[in-house]
Amino acid sequence: MTARSRLEQSPHEQAQDHLRAPGARLPADVCIRHLIRADLPLLEWEGEYTHFRRVFFRAYQNARQGRAVLWVAVAPPRQMLGQVFVLLRGARQELADGATRAYLYAIRVRPAYRNLGLGSRLIETAEQDLRKRGFRIATLNVARDNCAALRLYTRLGYQIVAEDPGRWWYYDHQGRRREVVEPAWRMEKELLG
Ligand SMILES: CC(C)(COP(=O)(O)OP(=O)(O)OC[C@H]1O[C@@H](n2cnc3c(N)ncnc32)[C@H](O)[C@@H]1OP(=O)(O)O)[C@@H](O)C(=O)NCCC(=O)NCCS
């Protein structure tokens with residue numbers, strides 16, 4: 001499963017990947033914390049991610065059952081700026097085995113707040129938490145054409161370890177099965193040492 005489909009980004013969103021509005025800055029009171037149930041509708045932004053409603057709810061259930069940790073960056077009163085989800089234990093042992101390796105996905109920052117360090121802060125928060133839990137390796141998948149994300153992960157110490165066909169599916173908010181095919185790189189980072 002790839003964190004965020006490049007194919008699902010609008011041309012406008014892609015064009016903003018490298019841009020930062022002059023004077024843009026993060027709200028002073030931005031806070032990174034665990035997602036709570038009341039945050040779920042905010043993950044849909046203004047409808048852009050409504051099709052992932054069930055995916056988000058499943059992630060929330062996984063977190064409640066100790067299989068995942070969901071981090072969000074919020075600014076009061078209820079502004080959702082970004083997120084990173086961490087799967088601790090999943091079906092694919094090479095990604096998340098519940099003991100040594102965990103899988104970062106759904107990494108996303110609102111376009112207006114990109115290139116301000118928030119994505120890095122979210123990932124570093126997730127990594128620090130994994131260290132405390134005794135995990136040794138963080139894994140993620142990145143679409144092969146997502147140059148901005150690949151550069152960011154490389155700067156943060158992730159290395160490409162394999163190709164991934166990037167095939168997965170989900171049920172959207174209307175119960176329709178949607179297939180995703182997004183060839184990706186699998187990346188890893190050693191967390192200890
Ligand atoms: C990928 C993504 C999460 C990165 O989030 P972000 O908040 O822009 O990340 P950061 O600001 O920490 O880093 C982005 C760049 O800004 C730079 N930057 C960070 N703070 C900065 C600052 N204060 N001044 C100038 N540049 C800064 C970083 O060095 C980084 O550059 P690099 O990639 O060349 O190393 C974001 O672009 C996004 O949501 N993209 C769409 C979804 C997506 O593709 N997700 C990843 C799927 S795998």
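How many residues does the largest nonpolar core have, and which of them have the most contacts inside it?

A: In this predicted model, the largest nonpolar core comprises 45 residues. Those with the most contacts inside this core are Val84, Val86 and Leu104. At least two core residues come from each of the helices H2 (53-64), H3 (118-132) and H4 (147-155). The strands S2 (68-75), S3 (79-87), S4 (101-109), S5 (137-143) and S9 (184-190) likewise each supply at least two.

Beyond its neighbours within four places in sequence, valine 84 is in contact with Trp71, Leu104, Ala106, Ile107, Leu122, Ile123 and Ala126.

Of the 193 residues of the chain, 33% count as buried. Among contacts with a separation of 6 or more, 64% are between residues 24 or more positions apart.

The number of buried residues among its five is zero, so S8 lies largely in the open. Strand S7 (residues 167-171) runs antiparallel to S8 and is joined to it by five bridges; in one of the pairings, tyrosine 171 has arginine 177 of S8 as its bridge partner. The two strands form a hairpin with five residues between them. In the turn, glycine 175 has a positive phi of about 80°.

Key:
Residues are numbered from 1 along each chain as its sequence is written. This is a predicted model: local features need pLDDT of at least 70, side-chain atom pairs count only at pLDDT 80 or more; totals for chains, interfaces and linings use all residues. A nonpolar core is a set of buried Ala, Val, Leu, Ile, Met, Phe, Trp, Tyr and Cys residues joined through C-beta atoms within 7 Å. A residue is buried if 20 or more other C-beta atoms lie within 10 Å of its own, exposed if 12 or fewer, and partly exposed in between; C-beta atoms are placed from the backbone. Helices (H or I, at least four residues) and strands (E, at least two) are DSSP runs, numbered from the N terminus. Two residues are in contact if their C-beta atoms, placed from the backbone, lie within 7 Å. Two strands pair if DSSP finds at least two bridges between them.
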